[in-house]
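Trainee: Could you walk me through how to read the helices and nonpolar cores of a model?

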Amino acid sequence: MSQLTTSNDALPAPSSPKSNRLLLTVITLLLTVGAVLNLADHYADIKLDESIEQGVVAFASVRSIHAVISMLKGTEISVPFLTVSVGEILSPATEILQSTSTVLTTALASLGLQKILLDVFAAKLVNIIIAFSALTYLVTLWFSPLTRFLKYTQPLFFILCLTRFLLVGTLLLNSLVDTLFLNEQTEQITQQTDFIATDLHQFNQELIDGKASQYEEDDSLLGSAKRTWNNMTSGFEQTKQEMQKSFDELQEKTESLVINLLTLIAMFTLKTILIPIGFLLLLKNLYWSLIKRLSPI
C-alpha cells in the first residue's frame with residue numbers, strides 16, 4: 001500500500017485551471033496587441049507584392065514568346081530539294097504555352113485574392129472587434145459570476161483571431177519557403193525564358209530580313225542565271241548547311257523552352273496554391289489543438 005502511495009506521489013500534478021487561465025490571458029493579450037498594431041501584416045504585404053511582381057514578369061515573358069511563335073507558326077523555308085516548316089519544330093512549345101498562361105493567370109488571381117483578404121482582415125474595424133471580443137473574453141474568464149458566458153466569449157474570440165491571423169501566418173510561412181527554396185530558381189527559369197524569347201525574336205527578324213533581301217535581288221535574266229548556278233554548286237550546299245544549323249539550334253531552344261514552361265507551371269502552382277493551402281490547414285489544426293488543451297471549459 002505504501003508503494004502504491006509513493007508511486008502516485010511521483011506522478012506530475014496536472015496543470016491547474018488558474019495556470020491555464022494565466023496562459024490564456026497572456027495569449028489573448030499577445031494576439032490582441034498583434035492584431036491592433038498590425039505587426040506582421042506589413043511584412044506579409046511586401047512579400048505578397050514581390051510574388052505578384054514575379055508572376056507578372058513571368059506572364060509577360062510567356063505572352064511575348066506566344067506572340068513570336070504565332071508569327072513563326074505558319075512559316076516554311078524552302079531551298080531546292082529541302083522544305084522545313086518552322087511551325088512543326090515549335091509545335092511542342094505551342095501546345096504547352098496556353099496551359100502555362102492559364103496557370104500563371106490562376107496564380108496571379110490567387111495572389112490578388114490573398115492581397116484583398118489581407119487588406120480586409122487588417123482593417124481597423126476588424127481590429128476593434130477583436131479588441132472588444134478580447135475584453136469580454138477576459139472578463140468572463142476571471143469574473144466568476146460571468147463564467148457561464150465563457151462558452152460563448154471564448155470560441156468567438158479565438159475564431160476571430162483565427163480568421164485574423166491564419167492568412168498572415170500562411171503568407172509568412174509561404175514567403176519563408178519561397179526565400180529558402182523557390183524564389184531563386186523561379187527567377188533563373190524566368191530569365192532563361194526571356195533569353196529564349198530574345199532568340200526567337202532574333203530568328204524571326206532574320207527570316208524577315210532574308211525575305212526582304214530576296215525581293216531586293218536582281219530580277220534580270222543575268223541575275224537569275226547567277227542564282228541558279230550558285231544554287232546548283234557551292235551556294236546550295238552552303239545554304240543547306242546554314243539552314244540545318246539554324247533549325248538544329250531552334251530545336252534545342254524549343255526543347256529548353258518546353259522544360260522551362262513546365263518548371264514555371266510547377267513553381268507557381270506550388271508557390272500560390274499547394275503550399276499556402278498546406279500551411280493554412282496545418283496552422284488551423286495546430287491553433288485549435290492548442291486552444292483545446294488550454295481551455296478551462
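Predicted model: local features only at pLDDT ≥ 70, side-chain atom pairs only at ≥ 80, totals over all residues.

Trainee: Which residues of α5 are buried?

Mentor: Helices are DSSP runs (H or I, at least four residues), numbered from the N terminus, and buried means under 20% relative accessible area, exposed over 50%, with partly exposed in between (1.4 Å probe, protein chains only). In α5 the buried residues are Asn-127, Ile-130, Ser-133, Ala-134, Tyr-137, Leu-138, Thr-140 and Leu-141. Seen down the helix axis, they fall within an arc of 160 degrees (taken from the directions from the axis to the C-beta atoms), so they line one face of α5. The face turned away from that side carries exposed residues, including Ile-128 and Phe-132.

Trainee: Which residues touch the most other members of the largest nonpolar core?

Mentor: A nonpolar core is a set of buried Ala, Val, Leu, Ile, Met, Phe, Trp, Tyr and Cys residues joined through side-chain atoms within 4.5 Å. Here the largest has 28 residues, and those touching the most other members are Ile-69, Leu-200, Leu-250 and Leu-257. Two or more residues each come from α3, α4, α6 and α8. Another core, of 17 residues, lies apart from it and includes Ala-134 and Leu-138.

Trainee: What does UniProt list as "transmembrane region"?

Mentor: The unreviewed entry lists residues 21-40, 121-144, 156-177 and 257-283, although such annotations may be inferred rather than shown by experiment. In the model, residues 156-177 are 100% helix.

Conventions:
Residues numbered from 1 in each chain as written. Heavy atoms only, no water.
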